[in-house]
Amino acid sequence: MIANLAFDLFSAILLGSAVMVVSSRNPVHSVLFLILCFINAAILFLMAGAEFLALVLVIVYVGAVAVLFMFVVMMLDVDFSELREGVQRYAPIGAAVGLVLFVELAFVMVNWVIAPGAAGMRLLPAPGNMTNTAALGSVLYTNYIFLFQLAGAVLLVAMIGAIVLTLRDRKRGKTQDIDIQHSRMPADTLSMVNAKLGAGASVPARHEDAL
Amino acid sequence: MNSLETFLFTTDLGIVILTILKSLALIVPLLIGVAYLTLAERKVLGAIQLRKGPNVVGPFGLWQPFADAIKMLMKETIIPAGANRALFVLAPLLTFGLAVTAWAVIPVSNHWAIANINVGILYIFAISSLGVYGIIIAGWASNSKYAFLGAMRSAAQMVSYEVSMGFVIVTVIMCVGSQNLNDIVLAQRHIWFAIPLFPMFIIFFISGLAETNRAPFDLAEGDTEIVAGFFVEYSAMSFALFFLGEYANMILISATTTVLFLGGWLSPLPFIPFTWIPGVFWFVFKIFVCLFVFIWVRGTLPRYRYDQIMALGWKVFLPISLVWLVMTAGFLEIFGMLPHA
């Protein structure tokens, strides 16, 4: 009874904030609503007894991914009134894509058969008295090890791609090279000159580029 | 069992009341600890810099935290004209609320935790990773350049150091075979993890300094360059909440370090006169030691530059913790010491 009410409440907040993500005028508010979405999804996981997934969702999506979203949204000075002008023009295309997806989903749902045992296992995330972290690990690292490795490889490729895109030779900037600084000796940069009265001293050749 | 116990332990209402009482029993000493940590910091910094520190209000300046609290309460909370009101008010509440929330799973003695959950360490990690939002939201909602710069610095810094912190935590979990904080402490009966995992202990503590935005990683505040960073626009009680949140986070990181590496409530000398002393005492004592190091570091080291912080996090801590993680796994596997939960 109370569990059902709580489920309804949190799913309502989840859906409501999902709508707000796409409809709020301020992009920062959108990201904040997205975070609210994630947290409510985590609560739903928690209610289903999947505490590991719930906390990993919070750590990965809220603690890292959404922070980067926020970072980007705050840094990019996106002019949203300009974007909104385009809505009229692109709305039919978006609607068409949405319709196609919806029809495809409908086709799938019509032929969907739920396995007879599955319905009873809906709220039993872990078999027996295993903690669900252990249960998840024992499936992920045995039966699905190749898929798991593949997922890791895909992420690695994405990561390397991001690094390659941003890696540039920054010769123009004045970055500090600690090794060069430490290996610099007084003799390399300093020389004592006896200046004659009235004539001054000539600058040694190796210092000229420094001046 | 008398009737009061039956009521508290069996009925729904009783369990709710019991949980509230337990929370109060934790939060009240915590808040007093936070108040006196501010005093302790000023006293220790004073000693380091050959000054006396606060010594006017009350004997040895002991009433100073209360004087500060009254001062903060009496001042006017100013909300800047260009600020986003709702988020501006939300940010300090979030910072302070999260700093207190994480304490729900910390075991102060054997099975003395408000919630002794399976994934306690993940819970702490999740809550501390949320802490960055208080700072980002404050920086953005203030609508001020300095605050925004502070928030950006802090966000990048906290996300970077969480990575190596995560690897440290995974190493500890691997040695214990459980994510429950109580089990993690009990696994250190024979040897504290600070000894076999010494480099990880150091990395965790330094990452903790970065995670709480404390000196020498306090460039989110960076008084000399960006005034006070993300809370430059805050005043009175909303400022006090940030301030208290920072100190509560310091105590939290110290407590987490104690649980993960310093044997939690276990006595450092496992024989008779020392094991008579209750575990809570040892737990608090170890937290004090960690907090002293926090303040000591602040009094000793100058502030890091932004690129130095990033280099330390990504180019030093991340490789070391990654290699140490793999080495620990290999060691446990070869010597058959992997715990099978």
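Tutor: We begin with accessibility: buried means under 20% relative accessible area, exposed over 50%, and partly exposed in between, with a 1.4 Å probe and protein chains only. This is a predicted model, in which local features need pLDDT of at least 70 and side-chain atom pairs count only at pLDDT 80 or more, while totals for chains, interfaces and linings use all residues. Residues are numbered from 1 along each chain as its sequence is written, chains are lettered from A and ligands numbered from 1 in the order in which they are written, and side-chain values use heavy atoms, with hydrogens and water left out.

Student: Why is B:Asp218 called buried?
Tutor: Its relative accessibility is 11%, and the label asks for under 20%, so B:Asp218 counts as buried.

Student: What makes B:Asp218 and B:Arg303 a salt bridge?
Tutor: A salt bridge needs a side-chain nitrogen of Lys or Arg within 4 Å of a carboxyl oxygen of Asp or Glu. The closest N and O atoms of B:Asp218 and B:Arg303 are 2.8 Å apart, so the pair meets the rule. The two residues are 85 apart in the chain: B:Asp218 lies in the loop between H8 and H9 of chain B, and B:Arg303 in the loop between helix H12 (279–300) and helix H13 (306–334). Helices here are DSSP runs of H or I with at least four residues, and strands are runs of E with at least two, numbered from the N terminus.

Student: And which accessibility label does B:Arg303 get?
Tutor: B:Arg303 has a relative accessible area of 28%, so partly exposed is the label.

Student: How do you know that B:Glu41 and B:Arg214 pair across distant parts of the chain?
Tutor: Their closest N and O atoms are 2.6 Å apart, which makes a salt bridge by the rule. B:Glu41 sits in helix H2 (residues 12–48) of chain B, whereas B:Arg214 is in the loop between helix H8 (198–211) and helix H9 (223–226), 173 residues away. Both B:Glu41 and B:Arg214 are buried.

Student: Is B:Arg305 buried, partly exposed or exposed?
Tutor: At 37%, B:Arg305 is partly exposed. Its salt-bridge partner B:Asp307, with closest N and O atoms 2.8 Å away, is partly exposed too, at 41%.

Student: Which residues do shared partners join into one network?
Tutor: Salt bridges with shared partners link B:Glu41, B:Arg214, B:Glu246 and B:Arg298. Over all chains, the count is 6 salt bridges.

Student: How many salt bridges are there between chain A and chain B?
Tutor: The count is 0. The rule does find 5 residue pairs in polar contact across that interface, both residues at pLDDT 80 or more. A polar contact is a pair of N or O atoms within 3.5 Å; within protein, one must be able to donate a hydrogen and the other to accept it, and residues adjacent in sequence count only if both atoms are side-chain atoms.

Student: What makes up the side of chain A that touches chain B?
Tutor: Its residues divide into 15 nonpolar, 6 polar and 1 charged. Here Ala, Val, Leu, Ile, Met, Phe, Trp, Tyr, Cys and Pro count as nonpolar, Asp, Glu, Lys and Arg as charged, and the others, Gly among them, as polar. In total, 22 residues of chain A are in contact (heavy atoms within 4.5 Å) with 24 residues of chain B.

Student: How much area is buried between chain A and chain B?
Tutor: About 2,000 Å², with 77% of it from carbon and sulfur atoms. Buried area is the accessible area (1.4 Å probe) that two parts lose on being put together, summed over both. In chain A, A:Leu55, A:Ile59 and A:Met74 lose the most area to chain B, together 27% of what that side buries.
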